Amino acid sequence: MNDNLHQLRCFGCGVRIRGDQAGSIFRCADCGDLFEVEYPGWSRSGGTDRPNAGALKWLWRERRASGELLDHSGVWRFREFLPILDSFGNAVTLREGNTPLYHLPRAAKALGVDQIYAKHQGMNPTGSFKDTGMTAALSVAKERGFEWVACASTGNTSAAMAAYAARAGLKSLVLIPQGKIAWGKLAQAMDYGAVTCQLNTDFDGCLRVLLTIVQQAPIYLLNSVNPYRLEGQKTPALEIAEYFDWNVPEHILVPGGNLANSSALGKGFREMKELGLISRLPKISVIQAAGANPLVRSFEANGGTKLTPVEANTRATAIRIGNPASWRKAARIVQETGGWCLDVSEAEIAVAKAELGREGIGSEPASAVTLAGLKKLVAAGRVEASDTIVLLLTGHTLKDADYTIDFHRGTLLREEEAAPVLPEIEALRRDAVEVEASPDAVLKALKEIQDRWV
Ligand code: F0G
């Protein structure tokens with residue numbers, strides 16, 4: 001059975017090609033821009049390929065009770081929305097997606113907003129949102145007969161790729177920046193059997209090296225320049241819309257690194273609107289770390305029309321990216337939806353992460369930029385008290401336990417970095433104490449700590 005209804009459209013010049021005509025680096029031969037997947041049948045109104053919104057909603061809900069393996073995936077449950085495979089039987093799945101949407105009552109109270117939610121993409125099989133994109137693009141690699149797949153990564157993409165490649169019986173090559181990724185992520189790539197090369201450069205340098213390699217060897221590129229990644233990564237938008245009974249929230253906040261995720265979610269919402277599943281778009285805002293903020297600078301300098309790469313530096317290593325590949329797509333989503341692009345400091349990220357933790361929601365630092373960014377949007381009067389807000393949390397807290405421990409020990413931030421939010425930091429820190437192994441000593445320590453920690 002051929003389930004495939006897609007083609008690729010260049011984001012820059014609009015040229016259209018067949019999916020299998022894209023070169024190994026997924027750049028347009030005419031203008032060098034990235035491709036986007038499109039489904040020509042959807043735009044023909046009355047055409048047989050255009051899905052019916054009501055029927056889709058019903059079908060997707062029915063599948064939640066299905067025993068079929070593919071229906072257990074929060075990506076492939078929505079497969080009519082990403083018909084990219086010749087046969088859905090080729091899908092490689094680890095039951096990704098179906099991630100929780102947590103209400104954050106304490107953040108809501110503190111910010112004077114009724115409804116703040118965290119869509120926790122860190123609750124995916126390898127602990128990050130990358131799984132939703134990887135199941136899509138790696139399935140394409142498998143269907144097209146590749147034996148090798150590869151990515152450059154700040155850690156999460158490599159963990160996801162290595163796991164899905166292992167499931168599919170493919171071999172994987174990982175290029176990561178030496179000493180600049182969290183241990184949890186490096187451990188995953190090893191565990192899943194990837195060939196892992198640590199290069200003496202940053203993420204942007206790793207990607208440059210890999211782009212040359214894939215032009216010389218039959219290796220399938222799984223970075224987010226690969227447009228099929230975005231097809232999987234748009235499905236959390238469907239989960240969010242479905243959760244709210246197809247009434248979309250007013251605001252979605254997404255961390256920005258290579259800027260594919262914000263693009264993917266925006267594409268998901270846009271396509272839902274085009275197909276009549278939802279009636280309006282949420283405002284999508286991209287939040288970057290101040291030390292890795294090329295899109296913020298681009299908006300400030302020229303309204304998001306030109307991007308100058310920066311040398312990136314942040315402890316939120318997942319988003320330590322100075323030359324984001326998908327910046328044009330992300331800029332368009334921010335503009336089209338009326339969202340904002342802003343940055344947050346290292347201390348603001350650390351505080352936001354600890355605050356999420358205190359609501360019982362662990363996340364890696366790159367995810368916490370969203371709560372830090374929301375505080376800024378509220379302070380600037382860009383959020384109504386009655387608005388519903390969804391923060392995209394992208395990675396699991398155990399990915400980068402060192403960061404958390406350093407924060408609570410008080411060794412994470414330099415004095416001058418911590419100074420602007422010192423009272424918040426001190427109220428949140430919960431360092432472990434060494435106590436003698438006796439009940440009396442523990443009770444005494446408890447008393448002392450209770451007096452100090454309000
Ligand atoms: N949050 C986390 C936890 C990430 O790992 C990444 C990206 C992002 C946010 C940013 O998403 O790049 O789509 O804007 N990590 C990539 C990687 C680059 O290699 O794992 P983006």
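The legends below describe an overall view and several close-up views of one predicted protein model.

View 1. Helices (H or I, at least four residues) and strands (E, at least two) are DSSP runs, numbered from the N terminus. Because a compact globule of 454 residues would have a radius of gyration near 22 Å, the value of 22 Å found for the protein agrees with that expectation; the radius is taken over C-alpha atoms, and the globule rule is 2.2 Å times the number of residues to the power 0.38. Along its principal axes the C-alpha trace spans about 70 × 50 × 50 Å, and 57% of the 454 residues count as buried, where buried means under 20% relative accessible area, exposed over 50%, and partly exposed in between (1.4 Å probe, protein chains only).

**View 2. The largest nonpolar core, a set of 86 residues.** A nonpolar core is a set of buried Ala, Val, Leu, Ile, Met, Phe, Trp, Tyr and Cys residues joined through side-chain atoms within 4.5 Å. The members that touch the most other members are Trp-76, Phe-81, Ile-84, Leu-138, Val-149, Met-272 and Leu-277, while helix H5 (residues 156–168) supplies the largest share of this core, with seven residues. A second, separate core holds 42 residues, including Ala-289, Ile-349, Ala-352 and Leu-391.

**View 3. Ser-262 in helix H10 (residues 260–274).** With a relative accessible area of 1%, Ser-262 is buried. Leaving aside neighbours within four places in sequence, Ser-262 is in contact (heavy atoms within 4.5 Å) with Val-254, Val-286, Ala-330 and Ile-333. Ser-262 and Met-134 are 128 residues apart in sequence, and their C-alpha atoms are 16 Å apart in space.

**View 4. Arg-95 in the loop between helix H2 (53–62) and strand E4 (101–103).** Although Arg-95 is not a glycine, its phi is positive, at about 60 degrees. Arg-95 counts as partly exposed because its relative accessibility is 49%.

**View 5. Trp-246 in the loop between helix H9 (235–243) and strand E10 (251–255).** Trp-246 likewise has a positive phi, of about 70 degrees, although it is not a glycine. At 9% relative accessibility, Trp-246 counts as buried.

**Notes on numbering and values.** Residues are numbered from 1 along each chain as its sequence is written, and side-chain values use heavy atoms, with hydrogens and water left out. In this predicted model, local features need pLDDT of at least 70 and side-chain atom pairs count only at pLDDT 80 or more, whereas totals for chains, interfaces and linings use all residues.
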